[in-house]
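Here are my notes on the model you sent over. Keep the 3D view open while you read, and click on each residue as it comes up.

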Amino acid sequence: MWVRDVCGGGGEVRELLETMFNNKNIRTLWLVLALSTQGYQTDQHQKYYQELSSYASPKYGFNVRQNAFTYLESLQAFSDSSLLHLVEGATHHNWRFRSFCRKLLEGLLKNEEYKKKYVVLGKRLPKNQQDFLKKKITP
């Protein structure tokens, strides 16, 4: 089955698709489906979640990161590191990605739990990102 080759197995099909879709959109979609499908490889869920979360990191391009943030939001599954990466994205040089991250961040900050979490996490951010976050948290 080609899905196995694309997502987990190996072989020429996987290599070809990874070359064609270097923005990881197929892989991230597969991870979300695997995490969302009840009873599907539950022993691998932590590994799949960590991989999905890692795509929000600045080591990936903004298209990959935006895709990861979208899926993390739909799963309501932000880790501390992905929340920090979101603030970094909100100060990113690419205006479309920055705008996306700011809108998502503003939505999260409407939730008191996320607001409290960001108060604690904000101390781990660089000064410019701390200042940005403080302005968003403080009315």
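1. Let's start with the rings. This is a predicted model, and it holds 6 aromatic pairs. One of them joins W30 and Y48: the arrangement is edge-to-face, with 5.0 Å from centre to centre and 80° between the planes. W30 sits in helix α3 (residues 25-36) and Y48 in helix α4, so this pair ties together parts that are 18 residues apart in sequence. How exposed or buried are the two partners? W30 counts as buried because its relative accessibility is 13%, and Y48 is buried too, at 6%.

2. Now compare that with F69 and F97. Their rings are stacked, 6.3 Å centre to centre with 20° between the planes. F69 belongs to helix α5 and F97 to helix α7 (residues 95-109), so the pair connects parts that are 28 residues apart in sequence. F69 is buried, with a relative accessible area of 0%, and F97 is buried at 0% as well. If you wonder why I quote two numbers for each pair: a pair of aromatic rings is described by the distance of the centres and the angle of the planes.

3. Go back to W30 and Y48 for a moment. Which residue joins them in a cluster? Look for Y40: ring pairs link W30, Y40 and Y48.

4. Next, the charged side chains. A search of the whole structure gives 6 salt bridges. In one of them, the side chains of E51 and R27 meet, at 2.8 Å from N to O. E51 is in helix α4 and R27 in helix α3, 24 residues apart, and the pair links distant parts of the chain.

5. Another salt bridge brings together the side chains of D80 and K117, at 3.1 Å from N to O. D80 is part of helix α6 and K117 part of helix α8, so this pair ties together parts that are 37 residues apart in sequence. Both ends are partly exposed: D80 has a relative accessible area of 32%, and K117 has 34%.

6. There is also a salt bridge between K136 and E106, at 3.0 Å from N to O. Here helix α9 supplies K136 and helix α7 supplies E106, so parts that are 30 residues apart in sequence are tied together. K136 counts as partly exposed at 32% relative accessibility, and E106 is partly exposed at 39%.

7. You'll find Y55 in the loop between α4 (45-54) and α5 (62-75). Leaving aside neighbours within four places in sequence, Y55 is in contact with K24, R27, T28, L31, Y60, V64, R65 and A68. Note that R27, from the salt bridge with E51, is among those contacts. Y55 and R65 are 10 residues apart in sequence, and their C-alpha atoms are 5.5 Å apart in space.

8. Then there is S53, in helix α4. S53 is buried, with a relative accessible area of 8%. Not counting residues up to four places away in sequence, S53 touches L72, S79 and S82.

9. Finally, zoom out. The protein chain has 9 helices and 0 strands. Of its 139 residues, 39% are buried. Among contacts with a separation of 6 or more, 50% come from residues 24 or more positions apart. The chain exposes about 8700 Å², and carbon and sulfur atoms supply 52% of that.

Methods: Residues are numbered from 1 along each chain as its sequence is written. This is a predicted model: local features need pLDDT of at least 70, side-chain atom pairs count only at pLDDT 80 or more; totals for chains, interfaces and linings use all residues. Side-chain values use heavy atoms; hydrogens and water are left out. Helices (H or I, at least four residues) and strands (E, at least two) are DSSP runs, numbered from the N terminus. Buried means under 20% relative accessible area, exposed over 50%, partly exposed in between (1.4 Å probe, protein chains only). Contact means heavy atoms within 4.5 Å. Accessible areas come from the Shrake-Rupley method with a 1.4 Å probe; for residues, only the protein chains shown count as cover. Rings of Phe, Tyr and Trp (its six-membered ring) pair if their centres lie within 6.5 Å; planes under 30 degrees apart count as stacked, over 60 as edge-to-face and the rest as tilted. A salt bridge is a side-chain nitrogen of Lys or Arg within 4 Å of a carboxyl oxygen of Asp or Glu.
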